[in-house]
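Here is my note on the fold and its packing. Please read it alongside the model.

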Amino acid sequence: MPYLVVCPVTQVDSVGAKYAPSHMLTVMSEKSDVPRPTSVKPQNHKTLIFNDISAARDGLVVPASNHVKTILDFAKQWDRQAPLMIHCFAGVSRSTASAYIIANAMGDKRCPIDLAKELRLRSPTATPNARMIALADVLLDKNGELVSAIRDIGRGAYCYEGAPFVFPLRETDAHIF
């Protein structure tokens with residue numbers, strides 16, 4: 001059963017040990033030595049460096065179309081035999097946006113609002129990066145549906161870091177987790 005596991009950087013070791021992902025997506029503001037679970041081969045670990053911002057700011061890297069395209073391309077390489085782990089610094093914005101984007105591209109064709117509601121159910125703190133969502137909306141030709149769905153679930157609860165969570169890609173698997 002294909003599913004995503006989302007967590008903050010502080011939980012990569014414990015989440016990796018618990019779920020044994022085959023692939024890992026790291027989305028951070030700067031290069032860092034993030035521990036890679038032993039279940040993830042080096043070629044199955046993708047790192048993207050950009051800031052958690054939604055508009056250009058001096059000295060910071062704003063999420064761009066090429067970042068979202070890289071996320072989608074990386075997810076397409078995932079064989080779905082084991083989980084895909086996604087993390088950012090806090091497990092709240094860039095990682096939840098990445099998970100939502102992947103679910104809309106590779107999931108069981110649930111509508112964007114149903115996937116957004118599933119995301120909120122799984123993570124009360126999820127606040128997906130608005131720029132990433134808008135870029136994915138264009139790349140996936142969703143005509144504003146992704147942006148609207150994320151806006152409809154609203155900002156997540158305030159926190160320092162989000163709790164790890166599982167995001168199933170098929171509705172039929174949702175009851176398992």
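1. Strand E1 (residues 3-8) and strand E4 run parallel, joined by five bridges. Leu 4 has Leu 84 as its bridge partner in E4, and Val 6 has Ile 86. Strands here are DSSP runs (E, at least two residues) and helices likewise (H or I, at least four), numbered from the N terminus. Two strands pair if DSSP finds at least two bridges between them.

2. A note on the source. This is a predicted model, in which local features need pLDDT of at least 70 and side-chain atom pairs count only at pLDDT 80 or more, while totals for chains, interfaces and linings use all residues. Residues are numbered from 1 along each chain as its sequence is written, and side-chain values use heavy atoms, with hydrogens and water left out.

3. Strand E2 (residues 23-28) also runs parallel to E4, through four bridges. Ile 86 is the bridge partner of Leu 25 in E4. In general, strands of a sheet pair through backbone hydrogen bonds, either parallel or antiparallel.

4. What is the order of the five strands in the open sheet? The order is E3-E2-E4-E1-E5, with mixed pairing. Strand E3 (45-49) and strand E5 (165-168) stand at the edges with a single partner strand each, so one side of each has no neighbour in the sheet. From one strand to the next, the twist averages 20°.

5. Strand E4 (residues 84-88) is largely enclosed by the rest of the structure, because five of its five residues are buried. Buried means under 20% relative accessible area, exposed over 50%, and partly exposed in between (1.4 Å probe, protein chains only). Both faces of E4 are covered: Leu 84, Ile 86 and Cys 88 are buried on one side, Met 85 and His 87 on the other.

6. Helix H1 (residues 12-19) lies across E1, E2, E4 and E5, at about 155° to E1. H2 lies across E2, E3 and E4, at about 175° to E3. Axes are lines fitted to C-alpha atoms, for helices over the stretch in contact; angles run from 0 to 180 degrees between N-to-C directions. Contact means heavy atoms within 4.5 Å.

7. Ser 98 lies in helix H3. Its relative accessible area is 0%, so Ser 98 counts as buried. Ser 98 touches Leu 25, Val 27, Ile 71, Ile 86 and Met 132, leaving aside residues up to four places away in sequence. A polar atom of the Ser 98 side chain lies 2.8 Å from the backbone oxygen of Arg 94. A polar contact is a pair of N or O atoms within 3.5 Å; within protein, one must be able to donate a hydrogen and the other to accept it, and residues adjacent in sequence count only if both atoms are side-chain atoms.

8. The largest nonpolar core holds 37 residues, of which Leu 4, Tyr 100, Ile 102 and Phe 167 touch the most other members. H3 gives the largest share of this core, seven residues. Apart from it lies another core, of 12 residues, including Tyr 3, Val 15, Met 24 and Val 40. A nonpolar core is a set of buried Ala, Val, Leu, Ile, Met, Phe, Trp, Tyr and Cys residues joined through side-chain atoms within 4.5 Å.

9. Which residues are buried in helix H4 (residues 112-122)? They are Pro 112, Leu 115, Ala 116, Glu 118, Leu 119, Arg 120 and Arg 122. The buried residues of H4 pack against H3, H6 and E5. Tyr 100 touches several residues, among them Pro 112, Leu 115, Ala 116, Leu 119 and Phe 167.

10. In helix H5 (residues 130-139), the buried residues are Met 132, Ile 133, Leu 135, Ala 136 and Asp 137. Their cover includes helix H2 (65-77), helix H3 (94-106) and helix H6 (145-153). Asn 129 caps the N-terminal end of H5, with a side-chain oxygen 3.0 Å from the backbone nitrogen of Arg 131. Asp 141, which follows H5, has a positive phi, near 55°.
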